[in-house]
Amino acid sequence: MIRKHNLNFIPVIMVSIFLTVFLTTIVSYQIFKKEIFSDLSSVAENLEKLNILEGLRTEGILSPGDALRLTWVSEDGSVLYDSYAGETGLDNHGDRPEIIQAFREGEGSCIRKSQTMEQSIFFYAKRTDDGKVIRIAKEAGSIWKVYRSTLPVTLLTALVLTAVLMYCIGRIRLQHEKTLQNARLRQEFAANVSHELKTPLTSISGYAELIANGMASKKEGRHFAGQIYENAQRLLSLINDTLQLSELDDPSEEKFTFETLDLYELAAGCMDMMKPVADRHRVSLSLKGSPLFIQADRGLLEELLYNLCDNAIRYNKEGGHVWITVSGQLIVQDDGIGIPVKHQKNVFQRFYRVDKSRSRKTGGTGLGLAIVKHIAEVHNASISLESDEGIGTVICVSFPK
């Protein structure tokens, strides 16, 4: 629908362009006519003031090759002299519009078509003090010639403006689609957050109610308290991840501090921090590579490393391994449960879980890889994933040099 409305503007713009050119040409031609008649009037006035009409008649100073044509007409309309025809061979000019107007009003003008559509003859007539009429004629381009001369410019202008218009329409359409997509994603995100919050809150509320009503024994009370604690921790993780994503969704503000950091050093720190978690899951961690200095925000990069390692540990198997490699890029590899091919293109989406029951059991929020993707985008880094079900997963993050 939006594209259809945008395309409807094209004929409107085209018509506007041609109307503008048409009206501009008319105005320009009117100015052109005014200047020609002004020039012819000056010539006629000078001829009368200099009193050289008789000399022109006898000497024939003006010839048919000149740009101007002079005609001298008596009171009865007969031609006394014409620079193109001399004194003979011309009919009575008393019926010519410019001559009639000059005898009546003192001066007259008229435009008549030449033998071709491209030229017009401009006539200016002036009544002299002795009652005769001087007529000056000049052949000049017609309005059609003006139109034809401006046609290439008109077409070029139309093409350029159409191209600009199509570009603007494309930009507007893409911006509109992006806005709609963002609105849809925010709506889905809000719905998913509400759903994810509802589950642990329901559990917390239920266990708390049992304890409050005295329906739990001492042993059950400890179990319920443990469940409340686990669900509360899940809520905290979910809230923290949601806030992190909200902050990454609006990277326009100057809230990130980029500095030169050694990715290998940060990876070593992450491995030390994650070792207790890995030990609980009976997963071994190892780091290899060499220093790699990049421009990055320390907090975001630590978050990226944490989420990649956390995922590799959570979705591993007992006795599994996680290898972190820094060598021109960051590689986090595991020999865990892997990701089925049909799910691989969706794992970076928010709240997407391959195995929902396992995610809840391990405490995953479904936002870890979504956060990783956003952090990579903030740093103009590319991210790729390779995985085989039952064999393991490899995630590579390449930062710009």
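Reader: Where is R282?

Author: R282 sits in the loop between helix 6 and strand 7. Helices (H or I, at least four residues) and strands (E, at least two) are DSSP runs, numbered from the N terminus. This is a predicted model, in which local features need pLDDT of at least 70, side-chain atom pairs count only at pLDDT 80 or more, and totals for chains, interfaces and linings use all residues. Residues are numbered from 1 along each chain as its sequence is written, and side-chain values use heavy atoms, with hydrogens and water left out.

Reader: What about the phi of R282?

Author: The phi of R282 is positive, about 55°, although R282 is not a glycine.

Reader: Buried or exposed?

Author: R282 is exposed, at a relative accessible area of 54%. Buried means under 20% relative accessible area, exposed over 50%, and partly exposed in between, with a 1.4 Å probe and protein chains only.

Reader: OK, back to helix 6. What span should it have?

Author: Helix 6 covers residues 263-280, and its 18 residues at 1.5 Å a residue should span 26 Å. The expected span is 1.5 Å times one less than the number of residues. The end C-alpha atoms of helix 6 are 26 Å apart, which agrees.

Reader: Where is the kink in helix 6?

Author: The kink is at M274, shortly before the proline P276, and amounts to about 45°. The bend at a residue is the angle between axes fitted to the seven residues ending there and the seven starting there.

Reader: What caps its N-terminal end?

Author: D262 caps helix 6 there, with a side-chain oxygen 3.1 Å from the backbone nitrogen of Y264. As for the polar contact cut-off: a pair of N or O atoms within 3.5 Å; within protein, one must be able to donate a hydrogen and the other to accept it, and residues adjacent in sequence count only if both atoms are side-chain atoms.

Reader: Which residues of helix 6 are buried?

Author: They are L263, L266, A267, C270, M271, M274, V277 and A278. An α-helix has 3.6 residues a turn, so residues three or four places apart point the same way.

Reader: And what covers them?

Author: The cover includes strand 6 (258-262), strand 7 (284-289), helix 7 (298-314), strand 9 (321-326) and strand 10 (330-334). Contact here means heavy atoms within 4.5 Å.

Reader: How many bridges join strand 11 and strand 12?

Author: Seven, with strand 11 and strand 12 (residues 392-398) paired in the antiparallel sense. I383 stands opposite V397 in strand 12.

Reader: What does D310 do with its side chain?

Author: D310, in helix 7, makes a side-chain polar contact with the side chain of R314 at 2.5 Å. D310 is buried, with a relative accessible area of 8%.

Reader: And T325, what does it contact?

Author: Leaving aside neighbours within four places in sequence, T325 is in contact with K288, L330 and I331. T325 belongs to strand 9 and is buried, with a relative accessible area of 14%.

Reader: How many residues of helix 10 are buried?

Author: Nine of the 11, so helix 10 is largely enclosed by the rest of the structure. Among them are L369, I371, H374 and V378.

Reader: What follows helix 10?

Author: N380 follows, with a positive phi near 55°. N380 lies in the loop between helix 10 (368-378) and strand 11 and is exposed, at a relative accessible area of 63%.

Reader: Last one: how many helices and strands are in the chain?

Author: The chain has 10 helices and 12 strands. Of its 401 residues, 36% are buried.

Note on methods
Two strands pair if DSSP finds at least two bridges between them.
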